Amino acid sequence: MSQRQWTLGNIAQSVGLELRGDPSRAVRGVATLAAAEPDQIAFLANPHYRRALPGCRAAAVILAPEHAPGCTVDALLSDNPYAAFARVAALFEARTPAPCGMHPSAVVDSSATVSARASIGPLCCIGARTRIADGVVLGAGCIVGDDCHIGIGCVLAPRVTLVTRVRLGQRVHIHSGAVLGADGFGIAMDDGRWRKVPQLGGVCIGDDCEIGANTTIDRGAIEDTELAEDVRLDNQIQIGHNVRVGAHTAMAGCVAVAGSTRIGRYCLIGGAAGLVGHIEIVDRVTISAMSLVTHSILEPGEYSSGTPLQASRLWRRNAARFKHLDALVRRWAQSGDDPDTE
Amino acid sequence: MSQRQWTLGNIAQSVGLELRGDPSRAVRGVATLAAAEPDQIAFLANPHYRRALPGCRAAAVILAPEHAPGCTVDALLSDNPYAAFARVAALFEARTPAPCGMHPSAVVDSSATVSARASIGPLCCIGARTRIADGVVLGAGCIVGDDCHIGIGCVLAPRVTLVTRVRLGQRVHIHSGAVLGADGFGIAMDDGRWRKVPQLGGVCIGDDCEIGANTTIDRGAIEDTELAEDVRLDNQIQIGHNVRVGAHTAMAGCVAVAGSTRIGRYCLIGGAAGLVGHIEIVDRVTISAMSLVTHSILEPGEYSSGTPLQASRLWRRNAARFKHLDALVRRWAQSGDDPDTE
Amino acid sequence: MSQRQWTLGNIAQSVGLELRGDPSRAVRGVATLAAAEPDQIAFLANPHYRRALPGCRAAAVILAPEHAPGCTVDALLSDNPYAAFARVAALFEARTPAPCGMHPSAVVDSSATVSARASIGPLCCIGARTRIADGVVLGAGCIVGDDCHIGIGCVLAPRVTLVTRVRLGQRVHIHSGAVLGADGFGIAMDDGRWRKVPQLGGVCIGDDCEIGANTTIDRGAIEDTELAEDVRLDNQIQIGHNVRVGAHTAMAGCVAVAGSTRIGRYCLIGGAAGLVGHIEIVDRVTISAMSLVTHSILEPGEYSSGTPLQASRLWRRNAARFKHLDALVRRWAQSGDDPDTE
C-alpha cells in the first residue's frame, strides 16, 4: 500500500470532502461498512447497506449528508459517495509502475514502432506497421496484430488480443482475454453454401474506454466498429461488426449487440441484455438485465422485457397460459364483455 | 489493396454480374451506400438501407433487379446481392500471405508432424502426436495440444486453443480466443460431493466451418462433439459436450447449446438463444434471438419465446399480471363465460 | 488407455458395484449404449436413453436396479449409475503425467516460489511473489500474475490467466481461456464522466472447484470474490466482484452473476441464467435455464422465468397481448365478472 501517511484531514482535503470528525485520525486503507477496523475508511453508496451503519467501527464513513445522522463514527460527506469513495480508494491503491522497455521474450515486427517509454511484457507479440505510444503498458502475453495503433497511456492487462486494424485512443484499459478486431460475422448464403463476406474495416476505441475480460469487439465489414470516449464495457460482452456506441455509455456483463446497431450516449445496458442488429438507440436509454431489444428506441427512458421469476410449479402454469393468451383474449371478446380488443 | 486495376467491366465479368453502366469505369474498392466515392462499389442487400440509394455517389451499386429503378448510378445486378458483394469485396481484400515455416519462438513436441508448407506463428505451442497439414496458418500464440489434427488450408487466428483430441477438416477458420476440446461439463453428485466424469471423447469439425472469437466447443464425454461441414459460429458461443450440429447451420453470437443436443442442417440460431441438453432440432429450423428451446423441434419453421420490450413502467404492470395468469384464467372460466379453458 | 487388464469382476470389485454376469469377461473401455462393442461398458443414467437398452451389445451396462430387467447383457448395479460410470470411466482414462520442472521458455519472476514438484509448461509466465505448490500443473501459455497462490495438486489447462491476487485451494481445475482476478466492474458517474473505482480485493477459490473454459471471475472491490469448496462452473460463466458462492453449487454454461450477490450451498443454476447484484440465494435453490433472478430467494426450491417456445407466428400474437395484459385484466374487472383483481 501507499507509503504516505494519511489522516482523515488530509484525505478530506485531497479529495474535497467535508469532514465531520477528527482530522488527525490516522487511516491505513478502505474496507466495507461491516468489516472496517478503526483505521479504515468505509462508504455507504447503496442504501441497501444502511443497516450496517450503526455497528460500523470505521475511522470514518463516506456518505451522503442525509445519511449522516445514522453514522456513529466520523463522516466524510459527499453528494456522490460512490465517486468520492473511488477517489479515496485510489489513494490506497498499490500500483507497481511497469518498467519501460521491452521484455526480451517479446516478438516485435521490424516495421512496428514502439515508444521507448512503453512497457512491453513477456511473451508479447507485435505485428507489422503497428504503433505503440508513450506510457503504454502491455501485460504478459498480449498480441497486437498488424496495422494497430495504441494511444498514450493505454493499459492492456495480460493476454489481450488486438487482431488487426485496431486503433485505441488514450488511456484505454483492456482486460485479459478480450479480443478486439476479429472478423465480423459476415456470411452470405450462395447456392446452398455459406460464402464469407470479407471484413475490411477496423475497430476504433475512444479515449478513456474500459473493456472487460473476454469481451469481443469485431472489426467492421466496410467501415469501423466504433466506441466513442469513456464507454465502459464489463466482461464477456459481444459487440458485432459496425456497431457504434456513444460516449459515456456503460454495459454490464454478457451483453450482446448485433451488427450495425447504433447506441447513443449515456446509455446503461443491463447484464446479458441483447440488441438485435441494424437498430438505433437514442441517448440516455436504460435497458434492464436480460431484456431483448428488437426495435429502435427513439425516446430516452428505461425499458424491459421478460417475465418475473416464480417458483417453477407456479411458473409452469402461467407459462402454459401464455401460449394461448391471444386465443383467450379472443374468446373473452367474443363472450361479449369487451368492446375493444386491439 | 490489390495491385490489379479493376473496372466495372472486368468486375462484372469476374464475378458474373450483369452491368448496367460504363464498363471502363475504374474502381478502387468497396464502401457503404452512404459513404461510397465515385470510384467505389456499394451494395444494397438489406432493403432497410434503400433510402440511401438516391444520394449514392458510388461507381456502381450491386443490387437486385427490382431495386435497379431507384439506382441513379451504374448498377451491377444480382438475384443475391449480398453474396455478389462478398465476391466483389474479396477482389479488394488485402491479404499478406503467411510465410511458410515455423517461427523460432514456437515450441513443438518432437512427436508432432508439421508440414513444411504450414505457417506456424510466434509463440505457438504444438503438442504430442499432433499433425498439421499443408497450407495451415497458425497465428501468434496458438496452442494446439496433444493428438490433434489440422487439415489442409485451415487458418487459426492468433491465440486459438485446441486443447486435446481436436480434429479439423479442411479450410476451417477459427478466431482468436476460441477454445476447442476443453473437458465437457460432466459431474455426478456422489455422497454429497461432485465427482468429475472423465471426458474421453474429442471434437470433430467439418470442412469450411468458421468459429468465432472466444467461442468454446467442449470435447465429448465418450463420443466426439461434432460440427458437420460449413457450420458457421459467431463469437462467444458455447457448444456443450456431445452436441452435433448439421451442415450449413449458422449461429449468431452468444448462443448456448447444452450437452448431447443434436441440431439439423441449414438451421439458423439467433443471438444468445439457448438450447437445453438431450434434445433434437430437425433441419431448417430458425430460432429467434434470446429464445430458449426446452424441447425437441420436429417441424421446420421459425420459433420464438420471450416477451416484447416495453417501457419499464408498463412492463412491470404486465409482468406482475403474468405471475397470476393461470389464476386469472381460472377465475374467468368460473365466472361462466368460457366453456373451454384448456 | 490403461495397461492393466480389466474384467467385469475386478471392475465391480474396484468400484464397489454388484455384478450380474460373468466376472471373467474382459473389458477394454467405455462407450454409449448405442455404440458399445462386446468388450466395452455402457451406462444408463438418463432414463431418456432407456430405449437403447434392448439392442445394446456392451459387455455390461451400469444401471439402477429398477432398470435391470430391461437389460439383455450383463449388468453392474448402482443406485447412482452416473457416479458409478464416472468411477469406471476413470479406470480407462489415459493420462500422461506432466513432467515435473519448468519448461525453459517459461518466464518466472525472481520473487516467485515454484515447487520443484510442480510442472510449468511452455510459454508460461509467473509474476512477483506468487507461490506454486507441489503437484501443480500449468499447461502451456498460462499466465499467473503477481501475489497469487496455487495450492497442492491444482491443474490449469493451457492458457489460463490468473491476473493478480488469486488464491486457489487444493486440486482446483481450471480450463483454457478462463480469467480469474481481472478488475471488477466498478465505475462511478462523476460530473458527467465515469470514474474507475479501484478494485483492491482478490479472488479466493476453495478446494476441488472446477472452472470452465473462458469463464471469468473478477477480483473484489474491497474484499475477495469467493468460491467455497467443490463449486463447479461450466464454460463462459461471468462472476462479478464480491460474489460469494457456497460449497457444492454447480452452474451450467453462460450463467451471469452480478456483483456482491451471495449464493448458497448445493444450488444448481441452469445455463445462461442471470442473477442481478446484491441479492442472496439460500442453500439448495435450483434456477432453470435462462431465468433472471432479480430478488433474493429465501426458500429452497426450483424457480423459473420466461415464456415457452412457440412457432413464431403464434408467439407474436401472444407476445402482442402480453404488452396489454394489465389493461386487459383491468377491463375484465370493470366488466363486472371479477371481484378480486389484485
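In this predicted model, strand S34 (residues 268–269) and strand S37 (residues 285–287) of chain C run parallel and are joined by 2 bridges. Within that pair, Ile269(C) faces Ile287(C) of S37(C). Both strands belong to an open sheet of 12 strands with mixed pairing.

- The order of the strands is S40(A)-S39(C)-S37(C)-S34(C)-S31(C)-S28(C)-S25(C)-S20(C)-S17(C)-S14(C)-S11(C)-S8(C).
- Strand S40 (310–311) of chain A and strand S8 (101–102) of chain C stand at the edges; each has a single partner strand, so one side of each lacks a neighbour in the sheet.

**The sheet of 5 strands in chain B**

- A further open sheet, in chain B, has 5 strands in the order S2-S7-S6-S5-S4, and its pairing is mixed.
- Its edge strands are S2 (18–20) and S4 (29–30) of chain B, each of which pairs on one side only.
- Strands S5 (residues 40–43) and S6 (residues 60–63) of chain B pair in the parallel sense over 3 bridges, and Ile41(B) stands opposite Ala60(B) of S6(B).
- Helix H1 (residues 8–15) of chain B packs on this sheet and touches S2, S5, S6 and strand S7 (74–77) of the chain. The direction of H1 makes about 10 degrees with that of S7(B).
- Helix H2 (residues 81–91) of chain B lies across S4, S5 and S6 of chain B, and runs at about 135 degrees to S6(B).

**Strand S6 in chain C**

- In a regular strand, side chains alternate between the two faces of the sheet.
- Strand S6 (residues 60–63) of chain C is covered on both faces: Ala60(C) and Ile62(C) are buried on one side, and Val61(C) and Leu63(C) are buried on the other.
- S6(C) pairs in the parallel sense with strand S5 (residues 40–43) of chain C over 3 bridges, and with strand S7 (residues 74–77) of chain C, also in the parallel sense, over 4 bridges.
- Ile62(C) of S6(C) stands opposite Phe43(C), and the bridge partner of Ile62(C) in S7(C) is Leu76(C).

**Leu63 in chain A**

- Leu63(A) lies in strand S6 (residues 60–63) of chain A.
- The relative accessibility of Leu63(A) is 0%, so this residue counts as buried.
- Leu63(A) and Phe43(A) are 20 residues apart in sequence, while their C-alpha atoms are 5.9 Å apart in space.
- Beyond its neighbours within four places in sequence, Leu63(A) is in contact with residues including Leu44(A), Leu53(A), Cys71(A), Leu76(A) and Pro81(A).

- A rotation of 120 degrees, with 0.0 Å of shift along its axis, superposes chain C on chain A with an RMSD of 0.0 Å.
- That is the relation of a three-fold axis.
- Gly306(C) comes closest to the rotation axis of the residues of chain C, its C-alpha being at 3.3 Å.

**Interface between chains B and C**

- The contact takes 72 residues from chain B and 73 residues from chain C.
- The two chains bury about 6100 Å² between them, 61% of it on carbon and sulfur atoms.
- Phe185(B), Trp194(B) and Arg321(B) supply 13% of the area that chain B buries against chain C, more than any other three residues.
- Between chain B and chain C there are 5 salt bridges. Asp190(B) forms a salt bridge with Arg87(C), with the closest N and O atoms 2.8 Å apart.

Technical notes: Residues are numbered from 1 along each chain as its sequence is written. Chains are lettered from A and ligands numbered from 1 in the order in which they are written. This is a predicted model: local features need pLDDT of at least 70, side-chain atom pairs count only at pLDDT 80 or more; totals for chains, interfaces and linings use all residues. Side-chain values use heavy atoms; hydrogens and water are left out. Two strands pair if DSSP finds at least two bridges between them. Contact means heavy atoms within 4.5 Å. Axes are lines fitted to C-alpha atoms, for helices over the stretch in contact, and angles run from 0 to 180 degrees between N-to-C directions. Buried means under 20% relative accessible area, exposed over 50%, partly exposed in between (1.4 Å probe, protein chains only). Copies are superposed by least squares on the C-alpha atoms of residues with pLDDT of at least 70 in both. Buried area is the accessible area (1.4 Å probe) that two parts lose on being put together, summed over both. A salt bridge is a side-chain nitrogen of Lys or Arg within 4 Å of a carboxyl oxygen of Asp or Glu.
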